[in-house]
Amino acid sequence: PLESGHITISRAARQSTFPSRFQLIAAMNPCPCGYQGAFAATGKACRCTPDAIARYQTRLSGPLLDRIDMQVEVTAVPAQQLMAQADGESSATVAQRVAAARQRQMQRQAVPNADINAGRIDALCALDAATQRFAQSAAQRLNWSGRALHRTLKVARSIADLAGVEHISTAHVAEALQLRRALAVG
């Protein structure tokens, strides 16, 4: 359902197919107790063993993680920093940039970048020679599947669209790589 956009349920010699287009957003603690790496912000120390952390993090299968486009670690923040005035752009400014990027996508390919099929990735996410070498090297070093590489290229295409540029650069691919960091065990 994550890829096909539909689900088929079979019961008692009958089948029904339903649409299932959705955006999956998930969260998990870094360890079973939830305090790994959070001592500075919370004053609470992790009490989990490295083996317990490894078992906990491997509960998510590789094939499932392959289908999650962005994996971002959000560390604990002290209360006073959390309550401070946020720096950066306003939500309205970001919303305008996102709307412009989506309009570029629809004009270029008639579907959002997330819906580009594998057969069109080479044409719509074209890379110059240096950027292609960088992406291939990273995929090889990180032992990625073809699916993981394609998903990263689609995220890089979105980053380029948000920047308002036509061609994907090495910087766009590097940013997409950072948004796909695997779980760090230990």
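**Figure 1. Asp69 in the loop between helix 3 and helix 4 (79–83)****.** In this predicted model, Asp69 is partly exposed, with a relative accessible area of 26%. Partly exposed lies between buried, which is under 20% relative accessible area, and exposed, which is over 50% (1.4 Å probe, protein chains only). Helices (H or I, at least four residues) and strands (E, at least two) are DSSP runs, numbered from the N terminus. Leaving out residues up to four places away in sequence, Asp69 touches Arg151, Val155, Leu179 and Arg180; contact means heavy atoms within 4.5 Å. Asp69 and Leu142 are 73 residues apart along the chain, and their C-alpha atoms are separated by 15 Å.

**Figure 2. Asp66 in helix 3 (residues 62–66)****.** Is Asp66 buried or exposed? Asp66 is buried, with a relative accessible area of 16%. Its contacts, not counting residues up to four places away in sequence, are Ser145, Arg147, Ala148, Arg151 and Arg180.

Figure 3. The arc is that of the directions from the helix axis to the C-beta atoms.

**Figure 4. The largest nonpolar core****.** A nonpolar core is a set of buried Ala, Val, Leu, Ile, Met, Phe, Trp, Tyr and Cys residues joined through side-chain atoms within 4.5 Å. This core has 18 residues, of which Cys125, Ile168 and Val173 touch the most other members. Two or more residues each come from helix 6 (121–124), helix 7 (129–141), helix 8 (146–163) and helix 9 (170–178). Helix 8 gives the most, with six residues. Cys125 touches Ile116, Leu153, Lys154, Arg157 and Ile168, with residues up to four places away in sequence not counted. A second, separate core of five residues includes Cys31, Cys33, Cys48 and Ile53.

**Figure 5. The buried side of helix 9****.** His172, Val173, Ala176 and Leu177 are the buried residues of helix 9. They cover an arc of only 140° around the axis, which puts them on the same side of helix 9. These buried residues pack against helix 7 and helix 8. Ala171 and Gln178 are exposed on the face of helix 9 turned away from the buried side.

**Figure 6. The whole protein, for orientation.** The protein has nine helices and two strands, in the sequence pattern β-β-α-α-α-α-α-α-α-α-α. Its C-alpha atoms fill a box of roughly 55 × 50 × 35 Å along the principal axes. Of the 186 residues, 24% count as buried. Among contacts between residues at least 6 apart in sequence, 56% join residues at least 24 apart.

**Notes.** Residues are numbered from 1 along each chain as its sequence is written, and side-chain values use heavy atoms, with hydrogens and water left out. Local features need pLDDT of at least 70 and side-chain atom pairs count only at pLDDT 80 or more, whereas totals for chains, interfaces and linings use all residues.
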